[in-house]
Amino acid sequence: MPELIDTHCHLNEESFDVDRADVVARAEAAGVVTMIVIGTTADTSRQAVEIAQQFRSVFAAVGIQPNYVAESKVGDWEAIEELAKQPKVVAIGETGLDRYWNDTPIDAQVESFQRHLALARRTGLPFVVHMRECEADMVTQLRLASQHGLLHGVMHSFTGGWDTAQACLELGMYISFAGMATYKKGANVLDVATKVPLDRLLVETDSPYLAPQPVRGRRNEPANVAYTAEWIAKARGLTLDELAAATTRNARELFRFEGATG
Ligand SMILES: [Zn+2]
């Protein structure tokens with residue numbers, strides 16, 4: 001059984017409150033050796049760190065997702081800065097830009113995004129990017145940030161075009177794919193997933209969302225990352241073992257789990 005890493009899951013969500021330990025055990029049994037729980041607010045970032053402290057195979061990312069920036073309270077950002085110093089925190093995020101939901105004005109999103117990128121530089125941690133319907137803005141903001149040097153982060157659950165993927169790759173980014181790549185209407189996503197260089201490719205579940213075929217429609221969980229990996233492997237003419245070896249190596253290189261156990 002190949003070793004896999006789920007680079008993006010939300011085990012901090014309430015829907016996992018009833019059986020979180022079982023979910024982690026099922027993932028481990030399915031070959032998922034490491035999973036990263038992602039924060040979207042100060043509260044869920046704190047929960048991500050707490051969950052990471054409970055399970056050896058779980059690590060955390062801390063940040064305020066763009067759609068939650070407007071509702072964040074005084075002190076939330078300072079909380080993120082403090083959480084970033086905790087053991088088992090391996091990334092800043094998720095951060096990014098989102099023009100699909102209208103929850104946070106774009107100027108405030110941009111400001112928050114750049115603040116997260118500055119924190120990533122200060123801490124030496126990689127960052128996790130959410131991008132929805134804002135490809136041009138995203139490339140602009142990433143290029144701005146790259147004035148400080150090559151970028152060290154991941155475009156998570158990527159659904160953009162190949163042009164945008166190429167721009168991100170040129171700046172140093174990794175590109176990660178979730179269950180969308182297995183959907184019929186995700187043909188363009190799968191197409192990009194076959195083109196990303198093998199040494200920059202990552203996989204994730206984004207659970208509890210985006211369950212891949214053949215478990216689509218159910219609550220997603222980290223064990224299912226194998227389905228997405230297998231789907232992308234097939235599209236690339238690789239075995240699951242080959243794709244898992246590459247994506248797991250890439251995840252270890254980007255997130256440096258060993259140095260994060262404090
Ligand atoms: Zn997410």
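Colleague: What makes you say that strand β2 and β3 pair, and in which sense?

Modeller: Two strands pair if DSSP finds at least two bridges between them. Strand β2 (residues 32-38) and β3 have four bridges, in the parallel sense, so they meet that definition. One detail of this pairing is that Val37 stands opposite Ala60 in β3. Helices (H or I, at least four residues) and strands (E, at least two) are DSSP runs, numbered from the N terminus. Before we go on, this is a predicted model, where local features need pLDDT of at least 70, side-chain atom pairs count only at pLDDT 80 or more, and totals for chains, interfaces and linings use all residues. Residues are numbered from 1 along each chain as its sequence is written.

Colleague: How does the chain get from β2 to β3, and what is the hand of the crossover?

Modeller: The path goes through helix α2 (residues 42-54), and this β-α-β crossover is right-handed. That word applies if, with the strands pointing away from the viewer, the path from the first strand over the helix to the second runs clockwise.

Colleague: Which strand is joined to β3 by three bridges?

Modeller: That is strand β4 (residues 89-98), and the two run parallel. Ala61 has Ala91 as its bridge partner in β4.

Colleague: Why is β3 called largely enclosed?

Modeller: A residue is buried if 20 or more other C-beta atoms lie within 10 Å of its own, exposed if 12 or fewer, and partly exposed in between, with C-beta atoms placed from the backbone. Five of the five residues of β3 (residues 58-62) are buried, so the strand is largely enclosed by the rest of the structure. Val58, Ala60 and Val62 point one way, while Phe59 and Ala61 point the other way. In a regular strand the side chains alternate between the two faces of the sheet.

Colleague: How do you know whether Val89 is buried or exposed?

Modeller: Val89, found in strand β4, has 23 other C-beta atoms within 10 Å, so Val89 is buried. Not counting residues up to four places away in sequence, Val89 touches Val49, Ala60, Val62, Leu83, Ala84 and Ala260; contact here asks for C-beta atoms, placed from the backbone, within 7 Å.

Note on methods:
Two residues are in contact if their C-beta atoms, placed from the backbone, lie within 7 Å.
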